[in-house]
Amino acid sequence: MKKFSLFFLLMLFIAFFLLSGCSKTADVSQTGQTGEEEKISFIPGEILVDFRDNVTEDEIQNFRKKYNLGELTLNSKYSEDEKLMRVKVDDSEIVELVETLSHDSLVEYAEPDYIYYAYSALPDDPLYKYQWHMDQIKVRDAWDINTGEGVIVAVIDTGVAYLNYDKFHRAEDLEHTLFTEGYDFINDRAQACDDNSHGTHVAGTIAQTTYNGKGVVGISYNCKIMPLKVLSAQGFGSLADIADAVKYAADHHAKVINMSLGGPYNSKILASACTYAYQKGVTIVCAAGNSSSTRIGYPAAHPECIAVSAVRYDKEITFYSNKGKNIDIAAPGGDLNVDQNGDGKKDGVLQNTIGRMNPSTDDYYLFQGTSMASPHVAGVAAMIASLGVTNPAAVEQILKDSANKNVPKDLDTGYGAGIVDARSAVMHAGLLRGFVKLLLGLFLLAGLFYVFQNKYNIKTAPSSPLFFIGNIIGSSGLFFLPFFGITVLYSQIICAGFPQWEIAFFGAEYHMTPLFYSALFPLILSLLLGRIPMINKLIIGFNIGVAGHLLYGALSNDASMLWIPPVLDKVWLLVNCVICLAMAWFIVIHLNSQKIKESKEL
């Protein structure tokens, strides 16, 4: 059985790789363009001639004179045996001459000296090269796994330049960024437009349009931004508006809130709003403040919030950042006093935003502050939520466990758990958890057949690949594919267990509904297909795989069931896990009914 398991898992990997059209260059939005179509395709002014290996020097010289060519030279000292040579020609003659020489009896091949480029995952956004802060958190590696699909991030700030409305316009590098309905609490209107520049810059760090051939990149560029304006054009706002915005975000399905704002006052009203959002499953990320103090501001200091300090290019805590024992994590915030990476630009955080208090223009600006650090963490939190970990406590724990602890000074000097690491975070959220779900599914599959054998004294094993295909579909999906750098179409389905497909269909705000996290779909499939030969093996594996996924949900703290009270939600998951196993058991009995009958007759 163990050999069967390993073999069929390998076959399943290969089959899905081929069927899903997986390719590192299949999806430009994920892997980037190398721009070959815009580069020269061959070296100008020369061609390559590969002569027959037995050609003589006299024949080569006669060949040169016949076609009135310049000097023919070996490509390198290793080209002598195969007689691979290059010759200088006019650019205008290359195409015609290659065609002519190719037909000569002395020539095996004649070609332009084509240029090959390194395949690169570098985005085609031209100013990305100045975004040292994105490389510091290893965001490109994380994009192979997730880009924030299905997650709403509320940006509670000065608004966002997302809309062509009145005197406002949509910033050019937010052209394909997704937005959901927001609100302007300053002016009491639905259009939460930016008239300062701060909020648009923050939103860009989280979800700037990426791989669009212009500007810069954002971290979770496929998430949705909910713009909530609580700060005026001058950059200040009231406690009441901020508290209202926090509750608005929680009530309108945001899974992550970013607040790059704060003050020294511990407001019970704002604390209550944060508690409300946290209990509704919202991860709240806040800037720690820029007063170079050992005491962080509010709302960052509230226990429900993730307090973010700022580091610069060399990973040192910046001169302005608050530090304090309540810092949870650090992220790049920039330092406009230095150019430590020598790129000719000050080491600020670069994003697209409107002109200062001028919503009619936009450009690419370098900002610094814990306000810039916070959205780096919010963007990574969106990736984690998109992978099915939506409980804010679990999101925070993953951020801390995966943080880069290789920093110049002790962590307690202001780094919290370390510097946010996007690649490591998605590995914690996707690879490790996917592996556990798969193990649970396979364990239950093996366990069910073990119990069956002992009960009926029948030697049988889940040797058909259909058992394993169904089990993987139900439990974990092919979660491991993106971690090999393979881009998978419809990854939120192919690379996730069946119950988690709801994120692909409805978004992370509807993760863990009783519709998908139950025995409902296994029951329907069992009733419809459970007696059909061959397919019933797939259904057995699927039912047990779903049971493994539900068992993981009951044992973990990754997310909470919607619409079911705490404690009862764990009971719900366990009961439905047992129902899935029971349905698989009955189909196994039906599948082996003849063997059971013969066993009883003995």
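I took contact to mean heavy atoms within 4.5 Å. The model I consulted is a predicted one.

**Entry 1: Asp 104**

I began with Asp 104 and set aside its neighbours within four places in sequence; the residues in contact with Asp 104 are then Phe 63, Lys 66 and Tyr 67. I located Asp 104 in the loop that runs between helix 4 (94-102) and strand 4 (107-114).

Is Asp 104 buried or exposed? I noted a relative accessibility of 8%. The limit for buried is under 20% relative accessible area, so Asp 104 counts as buried.

I then looked up the polar contacts of the Asp 104 side chain. One joins the side chain of Asp 104 to that of Tyr 67, at 2.7 Å. Another, of 3.3 Å, links the side chains of Asp 104 and Lys 66.

I found four strands forming an open sheet in the order 2-3-1-4, with antiparallel pairing. Strand 2 (73-74) and strand 4 are the edge strands, each pairing on one side only.

I checked the pairing of strand 2 with strand 3 (residues 84-88) and recorded two bridges in the antiparallel sense. Which residue of strand 3 is the bridge partner of Thr 73? I identified Arg 86 as that partner.

**Entry 2: Pro 408**

I next examined Pro 408, which lies in the loop between helix 11 (392-402) and helix 12 (422-456). I recorded a relative accessible area of 43% for Pro 408.

Not counting residues up to four places away in sequence, Pro 408 touches Asp 314, Lys 315, Glu 316 and Tyr 415. For Glu 316 I also noted the separation from Pro 408: 92 residues in sequence, but 6.4 Å in space from C-alpha to C-alpha.

**Entry 3: helix 11 and helix 12**

I finished with the two helices on either side of the Pro 408 loop. How do the axes of helix 11 and helix 12 cross? I noted that the axes come within 8 Å and cross at roughly 115 degrees. The crossing of helix 11 and helix 12 is right-handed.

I listed the residues that make this contact: Ile 398, Asp 401 and Ser 402 from helix 11, and Ser 424, Ala 425, His 428, Ala 429 and Arg 433 from helix 12. By class, the residues of the contact between helix 11 and helix 12 are three nonpolar, three polar and two charged.

Methods. Residues are numbered from 1 along each chain as its sequence is written. This is a predicted model: local features need pLDDT of at least 70, side-chain atom pairs count only at pLDDT 80 or more; totals for chains, interfaces and linings use all residues. Side-chain values use heavy atoms; hydrogens and water are left out. Buried means under 20% relative accessible area, exposed over 50%, partly exposed in between (1.4 Å probe, protein chains only). A polar contact is a pair of N or O atoms within 3.5 Å; within protein, one must be able to donate a hydrogen and the other to accept it, and residues adjacent in sequence count only if both atoms are side-chain atoms. Axes are lines fitted to C-alpha atoms, for helices over the stretch in contact, and angles run from 0 to 180 degrees between N-to-C directions. A crossing is left-handed if the near helix is turned anticlockwise from the far one by less than a right angle, and right-handed if clockwise. Ala, Val, Leu, Ile, Met, Phe, Trp, Tyr, Cys and Pro count as nonpolar, Asp, Glu, Lys and Arg as charged, and the others, Gly among them, as polar. Two strands pair if DSSP finds at least two bridges between them.
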